[in-house]
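Colleague: I would like to learn how to read a structure. Please take me through it feature by feature.

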Amino acid sequence: MEKYAVEVDGLRVVRGGRTVLPDLSLTVPRGQVVGLLGPSGGGKSTVIRAIAGVQRVAKGEVRVLGLPAGSPGLRTRLAYVTQSPSVYPDLTVTANVRYLATLLGAPDPATAARDAIAQVDLASHADALVGRLSGGQRSRASLAAALVGQPEVLLLDEPTIGLDPVLRRDLWDL
């Protein structure tokens, strides 16, 4: 088993001719919760995107669970929840989460979806169209979709935006 969940060495990211991250190195041990703090535009989302393997990197190395970020072997081991909910608004919460469970190869997608939806306390809205949910409920639907595969690494970009204080506390407890 890998000692580190995430290893970043000399990460440099340039976007639109502007250096967003000049030279970042960090390690995150397995089992740790780490938060990135900084001003708007400081590169926090860029770091998360690099770890998720969806950010073009100018220089440096990013490894997740011992593999290069973006490797096919990480698709079932890492989940990434973006700032905006990443679920289909014209599907129900259950249909969204079950679809992801199927893509991830869950042996019983229906049960996996039901369990993930319950984890984020959205069972009472499981049959609702995502497009008709509040912002906080959409965020929880997106989180359920990320949790359905029981990832080893979970990346959350601004996970508490739009959540009321009680939901925020519940998210951190989860």
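Colleague: How are H2 and H3 oriented to each other: roughly parallel, roughly antiparallel, roughly perpendicular or oblique?

Modeller: A word on the source before that. This is a predicted model, where local features need pLDDT of at least 70, side-chain atom pairs count only at pLDDT 80 or more, and totals for chains, interfaces and linings use all residues. Residues are numbered from 1 along each chain as its sequence is written, and side-chain values use heavy atoms, with hydrogens and water left out.

Modeller: Now the general idea. Two packed helices are described by the angle between their axes and the distance between the axes. Helices (H or I, at least four residues) and strands (E, at least two) are DSSP runs, numbered from the N terminus. Axes are lines fitted to C-alpha atoms, for helices over the stretch in contact, and angles run from 0 to 180 degrees between N-to-C directions. Angles under 35 degrees count as roughly parallel, over 145 as roughly antiparallel, 65 to 115 as roughly perpendicular and the rest as oblique.

Modeller: Here, H2 and H3 (residues 109–119) pack at about 125 degrees, with axes 8 Å apart. H2 and H3 are therefore oblique to each other.

Colleague: Which hand does the crossing of H2 and H3 have, left or right?

Modeller: A crossing is left-handed if the near helix is turned anticlockwise from the far one by less than a right angle, and right-handed if clockwise. H2 passes H3 in a right-handed crossing.

Colleague: Which residues of H2 and H3 meet?

Modeller: Contact means heavy atoms within 4.5 Å. From H2 come Val-93, Thr-94, Val-97, Arg-98, Ala-101 and Thr-102. They meet Pro-109, Ala-110, Ala-112, Ala-113, Ala-116 and Ile-117 in H3. This contact divides into nine nonpolar, two polar and one charged residue. For those classes, Ala, Val, Leu, Ile, Met, Phe, Trp, Tyr, Cys and Pro count as nonpolar, Asp, Glu, Lys and Arg as charged, and the others, Gly among them, as polar.

Colleague: How do H2 and H4 lie to each other?

Modeller: The axes of H2 and H4 (residues 135–147) come within 8 Å and cross at roughly 25 degrees. H2 and H4 are therefore roughly parallel to each other. Their crossing is right-handed. Val-93, Val-97 and Leu-100 in H2 meet Ala-141, Ala-144 and Ala-145 in H4. The contact of H2 with H4 has six nonpolar residues, no polar and no charged.

Colleague: How many aromatic pairs does the structure hold?

Modeller: A pair of aromatic rings is described by the distance of the centres and the angle of the planes. Rings of Phe, Tyr and Trp (its six-membered ring) pair if their centres lie within 6.5 Å; planes under 30 degrees apart count as stacked, over 60 as edge-to-face and the rest as tilted. This structure holds one aromatic pair. The ring centres of Tyr-88 and Tyr-99 are 6.3 Å apart and the planes are at 70 degrees, so the pair is edge-to-face.

Colleague: Which parts does the pair tie together?

Modeller: Tyr-88 lies in the loop between strand E5 (78–81) and helix H2 (93–103), and Tyr-99 lies in helix H2, so the pair ties together parts that are eleven residues apart in sequence.

Colleague: Is Tyr-88 buried, exposed or partly exposed?

Modeller: Buried means under 20% relative accessible area, exposed over 50%, partly exposed in between (1.4 Å probe, protein chains only). Tyr-88 has 45% relative accessibility and counts as partly exposed. Tyr-99, at 41%, counts as partly exposed.

Colleague: What does Thr-46 touch?

Modeller: Thr-46 sits in helix H1 (residues 44–52). At 4% relative accessibility, Thr-46 counts as buried. Not counting residues up to four places away in sequence, Thr-46 touches Val-13, Arg-15, Val-20, Leu-21 and Gln-55. Val-47 is in helix H1 and counts as buried at 5% relative accessibility. Leaving aside neighbours within four places in sequence, Val-47 is in contact with Leu-21, Leu-24 and Leu-36.

Colleague: What is the phi of Leu-65?

Modeller: Leu-65 has a positive phi of about 50 degrees, although it is not a glycine. Leu-65 lies in the loop between strand E3 (59–64) and E4, and is buried, with a relative accessible area of 2%. Asp-121 has a positive phi of about 55 degrees and is not a glycine. Asp-121 is in the loop between H3 and H4, and is exposed at 54%.
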